[in-house]
Amino acid sequence: MNVYEPSQNRNNQDSTIQAQSLNTPGVWSGFWATFKRDGLIAVRHRGEMANPIMFFLMVITMVPLGISPEKAVLAMLAPGMIWVVALLATLLSLDGLFRSDFEDGSLEQLLMSPQPLYFQVLAKVSVHWLVTGLPLTIMAPLLGVMLSLPSAGFAPLLASLLLGTACLSLIGSIGAALTVALRKGGLLLSLIIMPLYTPVLIFGASAVNSAVEGFPIGGQLAVLGAFLAVSIILAPLAAAGALRISVNG
Amino acid sequence: MGLAMTESLIELKSLRCERDERVLFERLDLTVQAGDLIQVEGPNGCGKTTLLRLLTTTSADFDGDIFWRGKLLNGGNGATRLDYLNQLLYVGHLAGVKKALTARENLNWFCGINQGHQRCSIESALEEVGLFGFEDVPCHHLSAGQLRRVALARLFLTPARVWILDEPFTAIDKQGVANLESLMLEHASGGGCVIFTTHQDVKIDRIRKIDLHRYKGLAAA
């Protein structure tokens, strides 16, 4: 780590850089730098951050109005409804994951930094989850009350969304990376990502349904956990590869 | 300087690049030595930016070989590539500056992903590019030239030996251009190398010029 004195020493400095080869910077410092930067940007763009959450809230509020305010009907719909809308809200927010970095040239800088791209993607996806998936998860019980979800379903709803939304952000990053260079990638992104999202939806909603009906949910949560473990390992790799292809083009 | 000046850093061997079934350049051989200032010339659309992007390793659509200190860079092993990336600084058409962040935060990120590679404090780098007092102003309040200067502040921060600058003088005022020229000269005489494109007249006499137009479609059919 060479932290040198400011400008006056620059001339001497140049002659000493000749032969040495530079240390590769630490992986975690690079991870934190990107994590902090994306976090700051998310805070500065609070309005955009609120979009998927507002969408989630509005759709769930409309359900009793549009379908039926009947308690029994709503309770039956609640698990699936909350899960589907959470999934769509995540999908809505994905397009911007790499877009602004691509447009202002930060992505190029990232690709040619000595940092492993895997951890950089992981940092960006973590921030994405913190500003979309986590708020959705925290809000879900409230919306559960609005849809008169039976009390046995609340804890499983939280647990399944906590695991599930993290999967959704990770898997979604692959689609976002593949379509970042396309001017109208929105539709394509949904087409690529939807099939990969369905297993998460099936196991997530089924966990809540089982809990409501009084069955154990360990199995479904274990599968969601396995999805998460696999996507933490593989999704950033795939997204990193896709980013290289997108920038190359 | 003696020895260091003759050290070959980057070597291009019979580089050939095609875009949309059009040959941009072929049989391009070039040796970049420590101390070189190389200006890539040619009319618009002749592939200057493409060539620079090949050198940043973000683009891999080409035939031929690029060597870094005698070791194959493209398709070679990861260690060579990592060593090269550690020594590379690129300022492109796109500034890579986030408008929602301040100049200081932008450079903090740059230093963060290149951590341990910092030559001076961010404040003094910003002072050098004439942005003293603008450290904590969000970049969307800055003018085009000032944004450019935030990107150019990296030149002061990085100890990288290879500078690849795509149109670095765009939107920079006369005094700024003069400062940048002397900075490039200083970098080259310190054992680094600069590869750049510009359409402006550069007042440095030791520049080597590469006319990309001469390498266009040499072998028709």
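Modeller: Strand 7 (residues 162–166) of chain B and strand 8 (residues 193–197) of chain B pair in the parallel sense, with 5 bridges between them; helices (H or I, at least four residues) and strands (E, at least two) are here DSSP runs numbered from the N terminus, and two strands pair if DSSP finds at least two bridges between them. Within this pairing, Leu165(B) has Phe196(B) of strand 8 as its bridge partner. This is a predicted model, in which local features need pLDDT of at least 70 and side-chain atom pairs count only at pLDDT 80 or more, while totals for chains, interfaces and linings use all residues. Residues are numbered from 1 along each chain as its sequence is written, and chains are lettered from A and ligands numbered from 1 in the order in which they are written.

The two strands belong to an open sheet of 5 strands in chain B, with the order 6-7-8-3-9 and parallel pairing. At its edges are strand 6 (88–91) and strand 9 (208–211) of chain B, each of which pairs on one side only. From one strand to the next the twist averages 15°, where axes are lines fitted to C-alpha atoms, for helices over the stretch in contact, and angles run from 0 to 180 degrees between N-to-C directions.

Chain B also holds an open sheet of 4 strands, in the order 2-1-4-5, and here the pairing is antiparallel. Strand 2 and strand 5 of chain B each have a single partner strand, so one side of each is left without a neighbour in the sheet. Strand 1 (residues 8–19) of chain B runs antiparallel to strand 2 of chain B and is joined to it by 8 bridges, and Arg19(B) stands opposite Arg22(B) of strand 2.

Two arginines deserve a separate look for their backbone angles. Arg27(B), which is found in strand 2 (residues 22–33) of chain B, has a positive phi of about 50° although it is not a glycine. Arg27(B) counts as exposed because it has 12 C-beta neighbours inside 10 Å; a residue is buried if 20 or more other C-beta atoms lie within 10 Å of its own, exposed if 12 or fewer, and partly exposed in between, with C-beta atoms placed from the backbone. Arg69(B) likewise is not a glycine but has a positive phi of about 50°, and this residue is found in the loop between strand 4 (63–68) and strand 5 (71–72) of chain B. With 15 other C-beta atoms within 10 Å, Arg69(B) is partly exposed.

Taken along the principal axes, the C-alpha atoms of chain B fill a box of roughly 55 × 35 × 35 Å. Buried residues make up 46% of the 221 residues in chain B. Of the contacts in chain B between residues at least 6 apart in sequence, 73% join residues at least 24 apart, two residues being in contact if their C-beta atoms, placed from the backbone, lie within 7 Å.
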